Amino acid sequence: MNRRQFLTAASMTLGVSTYARTVEATAHVHPPSASAPRLIPPPLPTREARPFVHPLRMPSATGLFADVNLREPLRLTAKSTRQQLFPGRSTDMLVYEADSAGQKLWNPILRVRQGTTLDVTLRNELGEDTTIHWHGLHVDERNDGGGMHPVHHMQQYVYRFKVNNRPGLYWYHPHPHDRTGAQVHQGMAGLLLVEGEEEDALRKTLGLVWGETELPLLIQDKQVDTLNKLKYSMGEDDWIGNRVMVNWTPEAVHDVATCLYRLRLLNGSNARVYRLAFLAGGKRLPFTLIGGDGGLLHHPQQVREAFLAPAQRLDILIDFEKLPLGSAVTLTSLAYDPMENDGAPPVDPAIEHPGAALMGEALDIMQFNVKRPICANRVLPKILSSPIKLPVAKNRIPRRFRVHMKGLTWLINGKNYHESMHDIEFMVKGGDAEVWEIRNDIRSMPHPMHIHGFHFRVLERRGSPRQIGQQALNVSGITPTDLAWQDTVLVWPGEVVKILVDFSPALPGKNIYMFHCHNLEHEDQGLMLNFRVDA
Ligand code: C2O
Ligand code: CU
Ligand code: CU
């Protein structure tokens, strides 16, 4: 059921609905006749302004968001637990649980060295299929954890592969057919940090200390009810939430010193796109982009804002140096045009997401309090990583994809994943590079398009909306965040985005991968296709 169907269903059950407020939202479905007594719609519930009072959860030795140096095989159990996430009642959530020297770790941050072997055994105790998808990693199909390789309830599966990605922030999450959105929303997701020489060098130059001046920030919005339950319903077009959590902390606050910080952000939300900026005293603070999904940029880029779509990562530096002690800096999402142009009337969030900010509405994420005095300041190097030579594409004519909606169904080139029975749509030669052109209909929504197993560079954006066009660096229309290697690119309605996909390293055999929208509701609805990479 998508947004439109949902509205119809909501209007049909209106008589027994406890949400009197749906009257206004569904008025277009059953317009009151002129003679009917006029309903005066009650005002929409206002969003509660909750102050930032909860100390940001940091990587630690045990518990939720624990930090593991992955040198040995690890066992993860997918299961349900109760966690103290909010003040008051504890919350049932789904997690990946590990045991380490008698201590429990939940959704641990896995830190691996580039070139070493990752060896993780998943045991499933969820009562339904699940997987671990290693988002952004160059792995073969068997280790990709896509929906074709489900791990059934009470079964085990071993993921074992050499980590040959560039150092960077990656992540892991479940990927079972139809249930990815539900499982991720209910808690399953973890960070995977690949470390290596390039990283070591940058940390040394900038005097960065992981967990001190280098912070992971996992941003997710969750729909939470008054009993602190995580609420999710299947079949919506995009699931947004009324609480923004950073590192599983609602309304997070963190004390910082007056120096340079490195923030490693992941948007782990189901569907919400953030337009990130830092505000101090109502003014935007500039920040420096140093990397994206697939590791460091060649040159740092000074920016004042950056869009971060679901599944994307950003590596940034922010300097609190010139701020007076006692000042507060808010990490916020600026208002933007959500461009939900698919023709469906927007869902009134009061129906399914009471208290949630609408997509595109301004939304504060967390707060930094400048509390501690100066630490030694460092100069940012002009070059961050060795020059990246782009591979040469094998295809002269780009491989074309059109993302569109027909009736109530999301399609790529006229096909829906579930309706096409998971067909393999095309083949690619391992080690090749190809130009792909992704065209999003005008009557559509923004789609964060993700390719499994491989990374790409954005070559060109055409037909971009103003909020993207105004960030363009040159005539190609690309924006600063497009300068990184990426595994997920946000394609706005009306946009045509050209990317150069690098299908290396070539892996033995024939491996099937997925290309899909990382709005998890769209993924579950089949805005996805399979392709095969042959040795
Ligand atoms: Cu992060 Cu196919 O997904
Ligand atoms: Cu992926
Ligand atoms: Cu989508």
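Accessible areas here come from the Shrake-Rupley method with a 1.4 Å probe, and for residues only the protein chains shown count as cover. This is a predicted model, in which local features need pLDDT of at least 70 and side-chain atom pairs count only at pLDDT 80 or more, while totals for chains, interfaces and linings use all residues. Residues are numbered from 1 along each chain as its sequence is written, chains are lettered from A and ligands numbered from 1 in the order in which they are written, and side-chain values use heavy atoms, with hydrogens and water left out.

**The whole chain**

Begin with the complete chain in surface view. Its accessible surface comes to about 21200 Å², and carbon and sulfur atoms hold 54% of that area. Of the 535 residues, 59% count as buried (under 20% relative accessible area; exposed is over 50% and partly exposed lies in between, with a 1.4 Å probe and protein chains only). Switching to a cartoon shows eight helices and 35 strands; these are DSSP runs numbered from the N terminus, helices being H or I of at least four residues and strands E of at least two. Among contacts (heavy atoms within 4.5 Å) with a separation of 6 or more, 79% are between residues 24 or more positions apart.

**Copper ion, ligand 2**

Select ligand 2 next. This copper ion is coordinated by NE2 of His133 and NE2 of His450, at 1.8 to 1.9 Å. The two histidines are 317 residues apart and link distant parts of the chain, His133 lying in strand 9 (residues 133-135) and His450 in strand 30 (residues 447-451). Donors are N, O and S atoms within 2.8 Å of the metal (3.2 Å for Na, K and Ca); water is not among the atoms, so sites may look incomplete. His133 counts as buried because its relative accessibility is 1%, and His450 is likewise buried, at 0%.

**Copper ion, ligand 3**

Move to ligand 3, a copper ion coordinated by His447 (ND1), Cys517 (SG) and His522 (ND1), at 1.9 to 2.1 Å. Here too distant parts of the chain are linked: His447 belongs to strand 30 and His522 to helix 8 (residues 520-524), 75 residues apart. His447 is buried at 0% relative accessibility, and His522 is buried at 0% as well.

**The cavities**

The whole structure holds six cavities of 30 Å³ or more. On a 1 Å grid over the protein atoms alone, a cavity is a set of points where a 1.4 Å probe fits but cannot get out, and lining residues have an atom within 4 Å of a point. Grid points are joined across faces, edges and corners, and a volume is the space filled by probe spheres set on the points.

The largest cavity contains about 210 Å³ of space. To find it, select Phe307, Gln312, Thr481, Asp482 and Gln486, which lie nearest its centre among the 21 lining residues. Strand 20 (287-292) gives the largest share of this lining, three residues.

The second largest cavity has about 70 Å³. Its lining includes Asp238, Tyr336, Met445 and Asn519.

**Helix 5**

Finish at Arg203, in helix 5 (residues 197-206). This arginine is buried, with a relative accessible area of 12%. Beyond its neighbours within four places in sequence, Arg203 has contacts that include Glu195, Trp210, Glu214 and Arg262.

Key. 1 Å grid on protein atoms, 1.4 Å probe; cavity = no way out; pocket = protein on both sides within 12 Å on 5 of 7 lines; lining within 4 Å.
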